[in-house]
Amino acid sequence: MNNKLSSPRGKANRIPIWIFIQNLMTYLMLIVGTIIAIFPFFWMISTSLMSLGEAQGTRIFPSEVHFENYVEAWKEAKFSLYMWNSVRITLVTLAGELTFSVLAAYAFARIKFPGRDLIFTILLSTIMIPAMVTIIPNFLTVTWLGRIGPLKWINNWPALTVPFMGSVFSIFLLRQFFAQIPSELYDSAQIDGTGHLRFLWSVVLPLSKAPLMVIIILSFIGTWNALAWPMLVTNSPDWRPIAVGLYSFIGEAGQMTNLMMAGAFIAIIPILVLYFFTQKQFTESIARSGLKG
């Protein structure tokens, strides 16, 4: 009697075999993908702690940890100068991009003016143009501006920062978010005598922390890792960022694989630190802003 009553319930709790196989395949694919993504970083860190002989061999783990590789790579590559240059370039670029993107996105989202939709459509269409196609026109532009203006652009911070302050992606993301803010909030603010700038600062920006966090992190990573453009507009180490310094060091280090890996890890430490402290906020921001892959 008890066996007959419990049998249907046991069958109901069983997972169908095809669902079990599907879940198993999903987890296996995730595990394999994780290993493929993590292994290069693991190999980089492990090699950076090896001696030169071990780094040129087939070892996976160092027999003895050599932290002095980081000290030697820092001194040999002059990373202190390149790191300071990257910090300055990144901060200036972030400040300019946030300022212009916020103002432009607010104008497209909340202010009605003739040709607004047409201008936004043309601006949005430029996303389809590959970045390498615009590198020569941008170079000619900054060269021309350096000739007619009082400020030198080539081999200076303007050429490294100004061309990236107008990000179409940032404007698009913020514009879509600003457009979702209820118009009743602006109507209430107008009753209190609030204009557009104060409404933007006091109401819109506090409600837009999610897309702003996404823009800050993505822009930081893109600016910090920039290589081709800084190599084109600089001809001395005075303003060259860490990516160019690492590229030069790889050419100078030759066969010293352990020092090259140590230098590579030093170059990405700020990005890892930024993501470590903003991981939760960044994940929540992507979910709330609708930026999904």
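Tutor: Helix 9 and helix 12 (residues 209–224) pack with their axes 10 Å apart, at an angle of about 170 degrees. Axes here are lines fitted to C-alpha atoms, for helices over the stretch in contact, and angles run from 0 to 180 degrees between N-to-C directions. The two helices are therefore roughly antiparallel to each other; angles under 35 degrees count as roughly parallel, over 145 as roughly antiparallel, 65 to 115 as roughly perpendicular and the rest as oblique. Helix 9 contributes Phe169, Ser170, Leu173, Leu174 and Phe177 to the contact, and helix 12 contributes Pro211, Leu212, Val214, Ile215 and Leu218, where contact means heavy atoms within 4.5 Å. By class, nine of these residues are nonpolar, one is polar and none is charged. Ala, Val, Leu, Ile, Met, Phe, Trp, Tyr, Cys and Pro count as nonpolar, Asp, Glu, Lys and Arg as charged, and the others, Gly among them, as polar.

The model is predicted: local features need pLDDT of at least 70 and side-chain atom pairs count only at pLDDT 80 or more, while totals for chains, interfaces and linings use all residues. Residues are numbered from 1 along each chain as its sequence is written, and side-chain values use heavy atoms, with hydrogens and water left out. Helices (H or I, at least four residues) are DSSP runs, numbered from the N terminus.

Helix 9 spans residues 168–179. Helix 5 (residues 79–110) also meets helix 9: their axes come within 8 Å and cross at roughly 45 degrees, and the two are therefore oblique to each other. From helix 5, the residues involved include Glu97, Ser101, Tyr106 and Arg110, and from helix 9 they include Ser170, Ile171, Leu174 and Arg175. This contact has 10 nonpolar, two polar and three charged residues.

Helix 6 (residues 116–125) packs against helix 9 at an angle of about 135 degrees, with the axes 9 Å apart. Helix 6 and helix 9 are therefore oblique to each other. Their contact is made by Phe120, Leu123 and Leu124 of helix 6 with Val168, Ile171, Phe172, Arg175 and Gln176 of helix 9. Six of these residues are nonpolar, one is polar and one is charged.

Finally, helix 9 supplies at least two residues of the lining of the largest pocket, as do helix 5, helix 7, helix 12 and helix 13. That lining has 23 nonpolar, 11 polar and one charged residues.
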